[in-house]
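Open the model in your viewer and follow the stops below in order. Each one says what to select and what is found there.

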Amino acid sequence: MSDRIDHLLNETRRFAPPEALAGESATKAELYERAGEDRLGFWAEQARQLQWETPFTEVLDWQPPHAKWFHDGTLNVAVNCLDRHVEAGNGDRVALHWEGEPGDTRTLTFADMTAEVKRLANVLEGLGVKAGDRVAIYLPMLPEAVAAMLACARIGAVHTAVFGGFSPSNLRGRIDDAGATIVITTDGAWRKGKVFALKPTVDEALREPGHEVRNVLVVKRGENEIDWTPGRDIWYHEAMADASAEHAAQAFPAEHPLFILYTSGTTGNPKGILHTSAGYLTQTSFTHRHVFDLKPESDVFWCTADIGWVTGHSYVVYGPMANGTTQVMHEGTFDTPTPERPWQIIERYGVTIFYTAPTAIRTFMKLGRQHTQSSDLSSLRVLGTVGEPINPEAWMWYRDVVGGGTTPIVDTWWQTETGAIMISALASVTTLKPGSAQVPIPGISVDVVDESGTPVADGDGGLLVVSEPWPSMLRTIWGDDDRYRSTYWEKFGDVYFAGDGARKDEDGEIWLLGRVDDVMNVSGHRLSTAEIESSLVAHDGVAESAVVGATDATTGQAVVAFVILKQSASKEHSVEEAEQILRQHVSKDIGAIARPRQVFIVPDLPKTRSGKIMRRLLRDLAEGRALGDTTTLADQGVVDAIKQQFRGA
Ligand code: ATP
Ligand code: MG
């Protein structure tokens with residue numbers, strides 16, 4: 001891939017960590033040194049930060065592609081996230097500041113959460129749930145969702161959280177695949193100013209026989225009318241009122257399954273990723289502490305991801321709770337009741353660390369900085385992003401407008417499969433490069449290799465791999481170990497193939513270039529989606545863009561761009577003018593080879609429900625094919641609107 005155009009590498013802005021964090025810097029930098037000397041010893045030290053019932057004696061048992069970490073030790077994950085903090089005298093510390101969409105709020109301390117989880121553990125055991133059984137959690141962002149996950153962990157049940165926006169057939173598919181016997185849901189929850197019903201989706205999902213679900217536990221939130229199946233359906237609050245407040249937690253082996261979670265489905269059919277206990281908790285808590293420079297006594301952390309995605313699992317539930325962190329959690333959307341909502345929440349709770357996705361940042365940019373700047377954001381000291389490559393322009397906007405021009409931004413690369421952050425700056429140590437995830441965290445070995453598996457030279461691009469097993473790695477794909485082997489381990493033997501393209505810069509640091517499936521080959525030149533998209537977004541008039549390669553008779557593949565204009569730009573130019581201007585812009589910025597054959601000005605882009613652009617659907621459109629799997633698409637209407645435009649063109 002060395003003939004690729006080095007556009008992103010023209011990004012030369014650099015930002016040293018702020019003075020205020022300099023004191024931390026030296027001790028944090030030692031982490032790299034320690035991990036470099038003795039990687040397994042380093043992870044063992046991190047694991048010992050947890051509370052073990054039986055200490056482990058062996059760190060890693062690696063029978064490629066299957067790893068066992070700390071496997072002769074035992075612990076209880078929920079005790080580590082809750083009871084331990086109460087016993088240490090921190091029971092009064094707020095665990096969750098929860099904000100309902102209509103403006104109602106709840107505050108739960110670590111003592112409150114511990115009590116809730118103990119009761120719920122008793123409820124689940126009363127319903128016959130045993131260690132190893134699967135429990136489906138179909139809940140939006142309610143404190144009960146966190147409690148449900150931790151209650152499962154407490155009794156050794158395996159949860160599988162399903163994003164609250166999914167349809168009956170999506171939900172049923174996951175219930176069947178996991179073999180869940182209990183579903184925890186809600187009557188409804190607030191979203192965009194209305195109650196959005198969830199219970200009917202569960203009813204519909206369970207209508208056809210053939211599933212193993214015995215009970216549906218229903219949290220009362222929306223107060224909307226719902227159907228009731230006596231004997232099967234149980235109100236959460238009633239069951240909790242009857243349950244004992246005492247619950248003695250049992251320890252489980254380090255490799256006891258913790259959860260199954262389905263990937264976002266950006267590139268195809270979602271995969272049921274299996275994570276286990278101690279290794280996962282070790283790496284989520286370690287990264288949460290060091291990537292964000294967390295101070296559990298004083299920080300207020302807000303990760304905006306839904307708990308239905310891995311980011312919600314690792315950085316709303318397990319990492320922060322294991323670290324005894326005060327968090328903000330919100331119901332509903334950022335723009336309801338007004339686009340000021342996220343900023344008002346930051347001001348209200350004095351949020352110090354804010355972790356969100358590039359798609360949200362680009363939406364904030366499109367709306368304009370006046371909304372952001374209407375609140376006092378001076379409490380913020382570290383910002384983070386995850387989910388997609390962040391274009392340097394969006395990074396700069398995030399730092400300047402949200403971060404007051406001073407906060408470090410950590411761009412964290414990881415996947416459902418990796419369980420925790422793998423490549424990221426450390427807020428107090430790293431000199432930042434906008435648009436780059438930069439360096440593997442201490443204890444993690446990644447590389448960029450060519451098709452034959454040989455590491456590329458600095459300055460070159462290729463395929464991202466993880467070259468050594470890591471504590472929070474997936475253990476398999478649930479029920480399909482063959483797919484586990486063929487998806488991640490067949491290409492390069494004992495090295496994990498991530499499916500993402502990346503480049504090493506002249507310092508050997510890593511820039512993500514997008515999915516391997518999305519790399520384009522134009523007249524023999526390999527171009528990445530991230531580069532051309534970053535060029536388009538750098539243009540004043542562009543809010544967001546997606547680029548795909550479409551089959552072309554002369555060039556093999558041609559660049560086709562889909563662009564959302566900022567409101568100001570759409571007023572100034574006709575569609576034809578805008579297309580011309582943008583084709584020229586890319587040609588001038590990157591080179592003639594990257595000039596899009598077509599630029600389509602569109603009102604919106606197709607995204608997964610976790611907010612990632614689904615380029616494969618745009619490629620299907622651009623090549624005039626029937627669309628592939630659309631079940632994880634957030635909004636079917638977007639594709640229809642783009643299709644209309646295609647017919648017009
Ligand atoms: P599927 O595997 O079903 O196609 P998905 O890969 O979108 O879905 P996730 O596990 O939610 O499911 O997303 C992980 C992917 O997100 C990574 O492989 C990468 O492509 C992208 N990603 C995450 N963080 C970053 C980041 N900081 N920079 C660039 N890309 C990122
Ligand atoms: Mg993936």
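**Stop 1: ligand 1**

Ligand 1 lies between domain 1 (2-445) and domain 2 (446-517), because both domains give residues to the shell around the ligand. Keep in mind that this is a predicted model.

Select the shell around ligand 1 next: 21 residues, of which T263, G265, T266, T267 and T416 come nearest. By class, the shell divides into 5 nonpolar, 9 polar and 7 charged residues.

- T263: a side-chain N or O atom is 2.7 Å from an oxygen atom of ligand 1.
- T267: here the distance from a side-chain N or O atom to an oxygen atom of the ligand is 2.5 Å.
- D500: an N or O atom of this side chain is 2.8 Å from an oxygen atom of ligand 1.

How much of ligand 1 does the protein bury? Taken alone, the ligand exposes 640 Å², and 95% of that is buried by the protein.

**Stop 2: the annotated regions**

Colour residues 88-470, which an unreviewed UniProt entry lists as "domain: AMP-dependent synthetase/ligase". Over this range the chain is 31% helix and 22% strand, and the C-alpha atoms at its ends are 29 Å apart.

Then colour residues 531-612, where UniProt places the feature "domain: AMP-binding enzyme C-terminal", also from an unreviewed entry. This stretch is 35% helix and 30% strand, with 16 Å between its end C-alpha atoms.

**Stop 3: a salt bridge**

The structure holds 37 salt bridges. Select one of them, R232 with D203, whose side chains meet at 2.8 Å, N to O. The pair links distant parts of the chain, 29 residues apart: R232 is in the loop between β11 (215-219) and β12 (233-235), while D203 is in helix α8 (residues 199-205).

**Stop 4: backbone details**

Which peptide bond is cis at P65? The bond from P64 to P65 is cis, with omega near 0°. P65 itself lies in the loop between β1 (60-63) and β2 (66-69).

Move along to F70, in the loop between β2 and β3 (74-75). This residue is not a glycine, yet its phi is positive, about 55°.

Finish at T336 and P337, which are joined by a cis peptide bond with omega of about 5°. Look for P337 in the loop between β17 (326-330) and α12 (341-349).

Terms used. Residues are numbered from 1 along each chain as its sequence is written. Chains are lettered from A and ligands numbered from 1 in the order in which they are written. This is a predicted model: local features need pLDDT of at least 70, side-chain atom pairs count only at pLDDT 80 or more; totals for chains, interfaces and linings use all residues. Side-chain values use heavy atoms; hydrogens and water are left out. UniProt positions are given in the numbering used here, feature names are shortened, and annotations may be inferred rather than shown by experiment. Helices (H or I, at least four residues) and strands (E, at least two) are DSSP runs, numbered from the N terminus. A residue is near a molecule or strand if one of its heavy atoms lies within 4 Å of it. A polar contact is a pair of N or O atoms within 3.5 Å; within protein, one must be able to donate a hydrogen and the other to accept it, and residues adjacent in sequence count only if both atoms are side-chain atoms. Accessible areas come from the Shrake-Rupley method with a 1.4 Å probe; for residues, only the protein chains shown count as cover. Ala, Val, Leu, Ile, Met, Phe, Trp, Tyr, Cys and Pro count as nonpolar, Asp, Glu, Lys and Arg as charged, and the others, Gly among them, as polar. Domain bounds come from an automatic or database domain assignment. A salt bridge is a side-chain nitrogen of Lys or Arg within 4 Å of a carboxyl oxygen of Asp or Glu.
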